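Here are my notes on the packing of this model. Please read them with the structure open.

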Amino acid sequence: MHADSAYLLHRKAFSDSSEILYYLTDSDGLLHVLAKGSKKNKSQFKGQLQPFLPTCISWQGRSSLKTLTQAEQTGVFTSVSYPYHVSMLYLNELVMLLRIDESLFQDVYLHYRDALNALLNESDISHTLRQFEWRLCCLIGYELDLPQNVSEETFITFESQNGLIEDHQWRRCKASEFAQFIENKTYNQKAVNWLMRQLIHHITQGKPIKSRELW
């Protein structure tokens with residue numbers, strides 16, 4: 001029997017009565033478990049399988065698909081407006097899309113928890129999501145340096161083979177604007193949003209991000 005703190009990221013049907021659940025756990029990485037009978041009205045899991053709430057889960061099994069034995073949510077969901085709800089879905093989807101080494105998931109869990117709490121408290125959406133994206137990028141090896149010998153007013157862009165390079169085409173984000181962002185100072189959100197979107201497209205291998213379609 002194993003137990004851990006977790007957040008439910010995704011669920012999909014397994015049978016008429018059961019589901020496969022994907023959890024981000026504090027110590028055990030990204031875990032997918034079979035919740036037997038979770039669709040039944042009298043299921044022991046009824047009311048305990050909501051996303052965005054801290055959950056204590058227990059499971060057993062030796063195969064890659066474990067069996068959920070207990071789930072107890074330790075918080076109460078706070079109602080938020082539509083943009084914040086979509087943003088929280090984006091957090092979940094991004095974690096699911098990225099290929100992250102198991103040894104890094106404890107840090108991912110902490111960054112996810114902080115971003116989720118910020119959104120639940122209706123903090124600035126753009127800033128919260130960009131900071132979460134950047135922290136994940138740094139974890140998986142994309143802590144990008146600015147090109148050498150560029151001035152603050154030099155426009156930059158992201159290139160998959162070379163990282164950040166001088167931008168002579170789009171001219172959307174200046175080196176100073178990106179530097180202010182990574183230093184957690186006030187920055188030009190529109191410019192940084194454009195640059196980070198390119199980076200996220202690369203690290204997700206161009207896979208469609210469905211939550212973006214909800215805006």
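1. The largest nonpolar core has 46 residues. Such a core is a set of buried Ala, Val, Leu, Ile, Met, Phe, Trp, Tyr and Cys residues joined through side-chain atoms within 4.5 Å; buried means under 20% relative accessible area, with a 1.4 Å probe and protein chains only. Tyr112 and Phe178 have the most contacts inside this core. Two or more residues come from each of strand 1 (2–13), helix 1 (82–97), helix 2 (105–120), helix 3, strand 6, helix 4 and helix 5. Another core, of 13 residues, lies apart from it; Ala6, Val33, Trp59 and Leu68 are among its members.

2. This is a predicted model: local features need pLDDT of at least 70, side-chain atom pairs count only at pLDDT 80 or more, and totals for chains, interfaces and linings use all residues. Residues are numbered from 1 along each chain as its sequence is written, and side-chain values use heavy atoms, leaving out hydrogens and water.

3. Helix 4 (residues 175–182) is largely enclosed by the rest of the structure, because 6 of its 8 residues are buried. They are Ala175, Ser176, Glu177, Phe178, Ala179 and Phe181. Helices (H or I, at least four residues) and strands (E, at least two) are DSSP runs, numbered from the N terminus. The cover over these buried residues includes helix 3 (125–139), strand 8 (173–174) and helix 5 (189–203).

4. Beyond its neighbours within four places in sequence, Phe178 is in contact (heavy atoms within 4.5 Å) with residues including Trp134, Ile156, Leu164 and Met196.

5. Strand 6 and strand 7 form a hairpin with 3 residues between them. They pair in the antiparallel sense over 4 bridges; pairing requires at least two DSSP bridges. Ile156 stands opposite Glu166 in strand 7.

Note on methods
Buried means under 20% relative accessible area, exposed over 50%, partly exposed in between (1.4 Å probe, protein chains only).
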